[in-house]
Amino acid sequence: MADRVHPAPLLPLSTPPAPLPDDSPDASAETAPLRRPTTTSTPPPPPPGASYIVHVPKDQVLRVPPPDRERRYRKLAARPARRRLLRRACCGACCAFLLLLVLAAAFVGAVYLVFRPRAPSFSVASLSIDARGLLLGDATLPVRIDADVRADNGANRKTGVDYRGGGQVTVSYSSVQLATGRWPAFYQAPRNVTVVSMPLTGGENGGVALLTEQQRGSLEAEAAAGAVPLTVEARVPVRVRLGKVLRTWTVDVWARCEVTVDKLAGQAAAANKGCMVKVKPLWWWW
């Protein structure tokens, strides 16, 4: 007979083992990484006088200076701030200077537009000449000239001219000085015309000794023809008055007039060929 086969019982499913607690020695031993065994022996000390080079990354370098260089660090760190202060001071000074220039230019422009100052004009009204020594060639007879100069301030409506002392007037012939004199000091009001009379003298020789034979011959020929060219030059220090408060520094006015006289003895008729006036720049002040 055949044997009867009975089914075997089913085995229970395997379950994962329960985790061990953290404080268990088996758990720490199981999770601890493997390490190489280290020796407890200390390295030998470096020999005396040895030096080492240690490379440290820049991001790990401390920015605090050592005590022995702290003073130098503070000095170098203060340089940028000092330079900024100096730069700001220079910029401020330049701006202030430019502002002063702009204000001064605006003030001068306003004064010019209000007063419209003009230089006075000059002309020779008459000449009384005693120049017999020039014609005779006698150095003992000095040249004497009484000159009447016309100063015209009619172009200025609000500006007066204050003529200071120390001015000089000279009369010359062919660049040879014949006589010289002083310009008187006086004040000329706006829209005023003044005729100034002044005596001129040539000193001991009167310019006679300075004339050459050719110049003396030309002078005699021109005197016989009744047309002797003379040059009258004047240097006059003046101050310009603008109103009652504003005035200028003392400046020099240079005038040069070319005239022709009909004779060299007595009252001569002077024919003006034109006068040129030059004035230095004016500096305003209160």
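Tutor: Happy to. The model is a predicted one, in which local features need pLDDT of at least 70 and side-chain atom pairs pLDDT 80 or more, while totals for chains, interfaces and linings use all residues. Residues are numbered from 1 along each chain as its sequence is written, and side-chain values use heavy atoms, with hydrogens and water left out.

By that test the structure holds one disulfide. Its partners are Cys-257 and Cys-275, with sulfur atoms 2.0 Å apart. The pair links distant parts of the chain, 18 residues apart: Cys-257 belongs to strand 10 (residues 251-261) and Cys-275 to strand 12 (residues 270-279). Strands here are DSSP runs of E with at least two residues, and helices are runs of H or I with at least four, each numbered from the N terminus. The torsion about the S-S bond of Cys-257 and Cys-275 is about 120°, so this disulfide is right-handed.

How covered are the two ends? Residues are called buried under 20% relative accessible area, exposed over 50% and partly exposed in between, using a 1.4 Å probe and protein chains only. Cys-257 has a relative accessibility of 4% and therefore counts as buried, whereas Cys-275, at 29%, counts as partly exposed.

Two further cysteines are worth a look. The sulfur of Cys-91 has its closest cysteine sulfur in Cys-95, and at 6.5 Å that is too far for a bond. Cys-95 is in no disulfide. Cys-91 is partly exposed, with a relative accessible area of 45%, and Cys-95 is exposed at 52%.

Now back to strand 10 and on to its neighbour. Strand 10 pairs with strand 8 in the antiparallel sense over eleven bridges; two strands count as paired if DSSP finds at least two bridges between them.

Strand 8 (residues 228-242) is mostly covered, with eleven of its 15 residues buried. Strand 3 (residues 159-163) runs antiparallel to strand 8 and is joined to it by five bridges; there, Tyr-163 has Val-238 as its bridge partner.

Another glycine with a positive phi, near 80°, is Gly-226, which follows helix 4. Helix 4 (residues 213-225) has 13 residues and reaches 19 Å from its first C-alpha to its last, close to the 18 Å expected at 1.5 Å a residue; that expected span is 1.5 Å times one less than the number of residues.

To recap, the disulfide of Cys-257 and Cys-275 has one end in strand 10, which pairs with the mostly covered strand 8.

Conventions
A disulfide is a pair of cysteine sulfur atoms within 2.5 Å.
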